[in-house]
Amino acid sequence: MSTPVMHAVPAEGGAAPDTAVPVIELRDVAKTYAIGDIEVHALRGVSLTVERGDFVAIMGASGSGKSTLMNIIGCLDVPSRGWYWLDGVDVRTLDEGALSRVCSRKIGFVFQSFNLIARTSALANVELPLAYMGVGARERRVRALAALDAVGLGDRAAHVPSELSGGQQQRVAVARALVTNPALILADEPTGNLDSVASDDVMEIFDTVHRAGRTVVMITHEEEIAARAHRVVRLRDGEILSDTTRDAP
Amino acid sequence: MSWRDNLRIAVGGIVSNKLRSALTVLGVLIGVAAVVILVAVGTGSSQAVADQIAKLGTNTLTVSATGRFGGGRSTTGTQSRTASLTIASVKALEDPDNAPDVVSVSPVASTSVTATFDGATTTATVDGSTPSYLAAENYSVAAGRAITDKDVDDHARVIDIGQTVASELFTSGQNPIGQTVQLGSASFTVVGLLAAKGSSGLQDADAVAIAPYTAVEDVLTGYSQSFSQLIVQGRSASTLNLAQAEVESILASANDTTVAALPFRVLNQQTLLTAATSTSRTFTVLLAAVAAISLLVGGIGVMNIMLVTVTERTREIGIRKAIGAPKGAILTQFLLEAVLLSLIGGVAGILAGLVGSRFRIDGVQPVIAPYSIVLSFAIAIAVGVFFGFYPANRAASLRPIDALRYE
């Protein structure tokens with residue numbers, strides 16, 4: 001099997017603009033786990049292209065392969081077969097160190113369980129990705145405060161996660177994902193641990209982020225959350241069942 | 001990631017579990033303090049031994065007539081003629097031409113007696129000798145006068161007594177000078193009181209009475225041609241080996257034999273000092289080694305707790321990696337935490353060691369050896385790096401997907 005190393009303009013799926021490469025391009029991606037002697041096919045050949053500025057919800061019941069897809073998109077896992085270009089970079093050509101470096105620059109993660117670092121202020125949590133990128137202390141602070149302002153938590157910068165409500169924690173997490181200016185915001189069940197009011201708050205933030213021109217990919221199993229996205233991709237048994245784009249409002 | 005950021009994260013990690021960190025630090029603290037204190041005890045005791053030998057005089061040779069083992073040299077066994085140390089030997093050794101490095105030679109006729117004064121008794125060593133003996137043996141006269149050459153010539157029954165003898169025989173208000181004390185069956189007049197010298201090894205150097213050898217031979221040991229010992233005072237400690245060579249060659253020619261077959265034992269204080277010093281150095285090294293083991297155990301404690309910390313914070317590591325922490329940053333964070341633990345333990349251990357070394361331990365006043373502080377501190381840091389590296393590397397090598405799944 002020959003592996004194209006360079007990014008190629010996708011043959012199918014119509015004309016990709018030369019000016020902007022897709023943020024995500026998956027082609028025939030499969031993932032197989034071996035559990036004992038049994039092979040589990042989590043993904044059975046998924047092809048998906050997400051253009052810049054898209055707001056995509058990936059839906060599916062548990063076991064549909066959506067978590068596996070999310071891990072592969074987030075570079076937390078590698079596909080068993082197929083190709084994946086993240087913002088024009090073929091991730092299969094990268095070694096582990098380069099992979100985590102590239103992905104952490106290009107992807108901002110938002111997790112279901114917030115995953116803020118305990119006993120660390122909201123500001124410090126948001127500063128952290130910048131610190132790992134080597135941004136200086138002053139610039140870091142300015143950018144982190146701006147990101148917190150953007151999620152409406154500028155006045156909560158000094159609070160530690162345990163002093164914040166679930167919705168607030170998730171908004172801090174979104175600010176942390178935004179602060180590095182990534183090509184993609186990847187959210188895994190971002191409202192899964194929140195009540196409906198907090199969910200609305202967080203989804204407002206995602207709407208705002210999207211309107212500001214960012215690309216958002218969100219994994220969810222809630223219809224009403226998915227309904228706020230512009231495009232819904234449904235998975236079942238490791239394959240794409242449907243891919244519908246809502247008309248632009 | 002600046003050093004300040006790393007440091008803040010590491011300190012945060014330590015502070016987040018104060019009791020556990022404190023116990024870990026305690027392990028290193030005990031190790032470092034043990035090294036500092038035990039090396040100080042070793043150094044202190046070796047200094048005490050050196051001081052005791054110095055009290056005996058570091059520039060003297062003791063020539064003994066019981067010379068079958070001839071100064072460490074094996075004799076052939078064909079030596080059947082008895083050789084003795086006589087007044088002629090003394091004169092020969094005092095010859096400034098043949099023995100330029102010898103200052104004085106004092107014959108010693110020594111015996112142990114019961115001294116009595118006014119109902120009080122004590123056991124004293126009576127050293128019958130010449131006036132030069134006092135200088136050779138580092139005795140000085142605190143009150144009264146020393147014995148003189150005239151006393152020796154006159155067979156005068158006069159003594160200089162040591163502090164122990166004085167305090168045992170006389171009450172505090174009494175002036176011993178001029179009093180007559182009974183030594184065994186003979187009576188001697190005290191003419192001088194010796195300054196305190198302290199104990200030297202097993203012997204109390206102050207439980208002595210020094211008298212002219214002529215008088216001691218007359219009434220205590222009985223007259224004989226020979227002396228049990230000669231005390232030879234060398235010009236200085238550094239030329240003592242030269243003096244020894246001169247003494248041996250003079251005695252050899254006087255007795256018609258070779259230096260190798262010399263029927264006397266010549267004990268060199270300098271050699272004794274060297275031997276004692278090397279013995280106590282071995283002792284110090286042994287103590288330090290024992291202490292180092294406890295430092296090692298402290299280090300294992302650091303490793304153990306770091307492994308627990310890494311396991312406990314697996315999820316945090318996953319988050320950090322997912323938001324872009326490179327492997328090096330995670331490694332640095334945990335390594336710094338381990339080093340910080342051992343650093344705190346090291347500093348506290350040195351302080352504890354300094355305090356602990358202020359107390360006398362089993363009669364030895366510990367003497368802080370600066371190298372032990374530097375060494376134990378360096379080892380503490382090295383222990384932190386060494387035992388911190390494995391857990392830190394384990395943390396840094398975690399895959400974010402596994403780490404994030406970890407509950």
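This is a predicted model: local features need pLDDT of at least 70, side-chain atom pairs count only at pLDDT 80 or more; totals for chains, interfaces and linings use all residues.
On the α9(B) side, the contact is made by B:L295, B:G298, B:G299, B:I300, B:V302, B:M303, B:M306, B:L307 and B:V310. These meet B:S376, B:I379, B:A380, B:V383, B:G384, B:F386, B:F387, B:G388, B:Y390, B:P391, B:R394 and B:A395 of α12(B). By class, the contact of α9(B) with α12(B) holds 15 nonpolar residues, five polar and one charged.

Two packed helices are described by the angle between their axes and the distance between the axes. Helix α9 of chain B covers residues 269-312. Its axis and that of α12(B) come within 9 Å and cross at roughly 25°. Angles under 35 degrees count as roughly parallel, and α9(B) and α12(B) are therefore roughly parallel to each other. Their crossing is right-handed.

Helix α12 of chain B spans residues 370-396, 27 residues in total. From first C-alpha to last, α12(B) reaches 38 Å. That is close to the 39 Å expected at 1.5 Å a residue. Yet α12(B) bends by about 40° at B:F389. A proline, B:P391, follows within four residues of the bend. B:P391 is also one of the α12(B) residues that meet α9(B).

Helix α9(B) has a further partner in α11(B), which covers residues 327-356. The axes of α9(B) and α11(B) come within 10 Å and cross at roughly 145°. This crossing, too, is right-handed. From α9(B), the contact takes B:G298, B:V302, B:M306 and B:V310. An α-helix has 3.6 residues a turn, so residues three or four places apart point the same way. From α11(B) come B:F334, B:E337, B:A338, B:L341, B:S342 and B:G345. Six of the residues in the contact of α9(B) with α11(B) are nonpolar, three polar and one charged.

Helices α3(A) and α4(A), the latter covering residues 137-150, pack at an angle of about 125°. Their axes lie 9 Å apart. That angle makes α3(A) oblique to α4(A). α3(A) passes α4(A) in a right-handed crossing. A:A122, A:L123, A:V126, A:E127, A:L130 and A:A131 of α3(A) take part in the contact. Their partners in α4(A) are A:R140, A:R141, A:R143, A:A144, A:L145, A:A147 and A:L148. The contact of α3(A) with α4(A) has nine nonpolar residues, no polar and four charged.

The two chains also touch. Their contact takes 20 residues from chain A and 17 residues from chain B. On the side of chain A that touches chain B, α2 (96-106) and α3 (122-133) each supply at least two residues. This side of chain A has nine nonpolar, six polar and five charged residues.

Notes. Residues are numbered from 1 along each chain as its sequence is written. Chains are lettered from A and ligands numbered from 1 in the order in which they are written. The expected span of a helix is 1.5 Å times one less than its number of residues. The bend at a residue is the angle between axes fitted to the seven residues ending there and the seven starting there. Two residues are in contact if their C-beta atoms, placed from the backbone, lie within 7 Å. Ala, Val, Leu, Ile, Met, Phe, Trp, Tyr, Cys and Pro count as nonpolar, Asp, Glu, Lys and Arg as charged, and the others, Gly among them, as polar. Axes are lines fitted to C-alpha atoms, for helices over the stretch in contact, and angles run from 0 to 180 degrees between N-to-C directions. Angles under 35 degrees count as roughly parallel, over 145 as roughly antiparallel, 65 to 115 as roughly perpendicular and the rest as oblique. A crossing is left-handed if the near helix is turned anticlockwise from the far one by less than a right angle, and right-handed if clockwise.
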